[in-house]
Amino acid sequence: MNNIDVRKYIINNFKDDSIEEIEKSIDSSIESKNEDPLIGLGVLFELMWNYSNHDTKNTILSNIKKGLTN
């Protein structure tokens, strides 16, 4: 059985995409209401989180909290 590194696979799929292409992929994944893209979105979230400073993380957390209470 092949052991696939999902993070590397997803990163390799997006690394040459433009910002606009990444945005379209994210929007399309969310609009689909399908659970399959959640893994990819999770990897993108992890990258965003790891490269964000404290203030940006607080903004992200505030936005998540707002989404949870709506």
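## Glu46 and its partner

Glu46 counts as partly exposed, with a relative accessibility of 28%. This is a predicted model, and a search through the whole of the structure turns up 1 salt bridge. Glu46 forms a salt bridge with Arg7, and their closest N and O atoms sit 2.7 Å apart. Glu46 belongs to helix α3 and Arg7 to helix α1 (residues 6-14), so the pair ties together parts that are 39 residues apart in sequence.

As a bit of background, side chains of opposite charge can pair when their charged atoms come close.

## Where α1 meets α3

In general, two packed helices are described by the angle between their axes and the distance between the axes. Here, the axes of α1 and α3 come within 10 Å and cross at roughly 80°. That falls in the 65 to 115 degree range, so α1 is roughly perpendicular to α3.

Which residues make the contact? On the α1 side they are Val6, Arg7, Ile10, Ile11 and Phe14. On the α3 side they are Ile39, Gly40, Val43, Leu44, Glu46 and Leu47. Arg7 and Glu46, the salt-bridge partners, both turn up in this list.

## A closer look at Leu44

Leu44 has its place in helix α3. Is this residue buried or exposed? Its relative accessible area is 18%, and the cut-off for buried is under 20%, so Leu44 is buried.

Setting aside neighbours within four places in sequence, Leu44 is in contact with Phe14 and Ile26. Phe14 is one of the α1 residues in the helix contact described above. For a sense of distance, take Leu44 and Lys66: they are 22 residues apart along the chain, and their C-alpha atoms are separated by 20 Å.

## From Ser52 into α4

Move along to the loop between α3 and α4 and you'll find Ser52. Ser52 is buried, with a relative accessible area of 15%. Its side chain reaches the backbone oxygen of Met48 at 2.5 Å. Not counting residues up to four places away in sequence, Ser52 touches Lys57 and Ile60.

Next comes Asn53, which caps the N-terminal end of α4. How is the cap made? A side-chain oxygen of Asn53 lies 3.1 Å from the backbone nitrogen of Asp55.

Glu23 sits in helix α2. At 47% relative accessibility, Glu23 counts as partly exposed.

Lys33 lies in the loop between α2 (19-32) and α3 (38-50). What stands out about its backbone? Lys33 has a positive phi of about 60°, although it is not a glycine. Most residues other than glycine have a negative phi. Lys33 is also exposed, with a relative accessible area of 74%.

Technical notes. Residues are numbered from 1 along each chain as its sequence is written. This is a predicted model: local features need pLDDT of at least 70, side-chain atom pairs count only at pLDDT 80 or more; totals for chains, interfaces and linings use all residues. Side-chain values use heavy atoms; hydrogens and water are left out. Helices (H or I, at least four residues) and strands (E, at least two) are DSSP runs, numbered from the N terminus. Buried means under 20% relative accessible area, exposed over 50%, partly exposed in between (1.4 Å probe, protein chains only). A salt bridge is a side-chain nitrogen of Lys or Arg within 4 Å of a carboxyl oxygen of Asp or Glu. A polar contact is a pair of N or O atoms within 3.5 Å; within protein, one must be able to donate a hydrogen and the other to accept it, and residues adjacent in sequence count only if both atoms are side-chain atoms. Axes are lines fitted to C-alpha atoms, for helices over the stretch in contact, and angles run from 0 to 180 degrees between N-to-C directions. Angles under 35 degrees count as roughly parallel, over 145 as roughly antiparallel, 65 to 115 as roughly perpendicular and the rest as oblique. Contact means heavy atoms within 4.5 Å.
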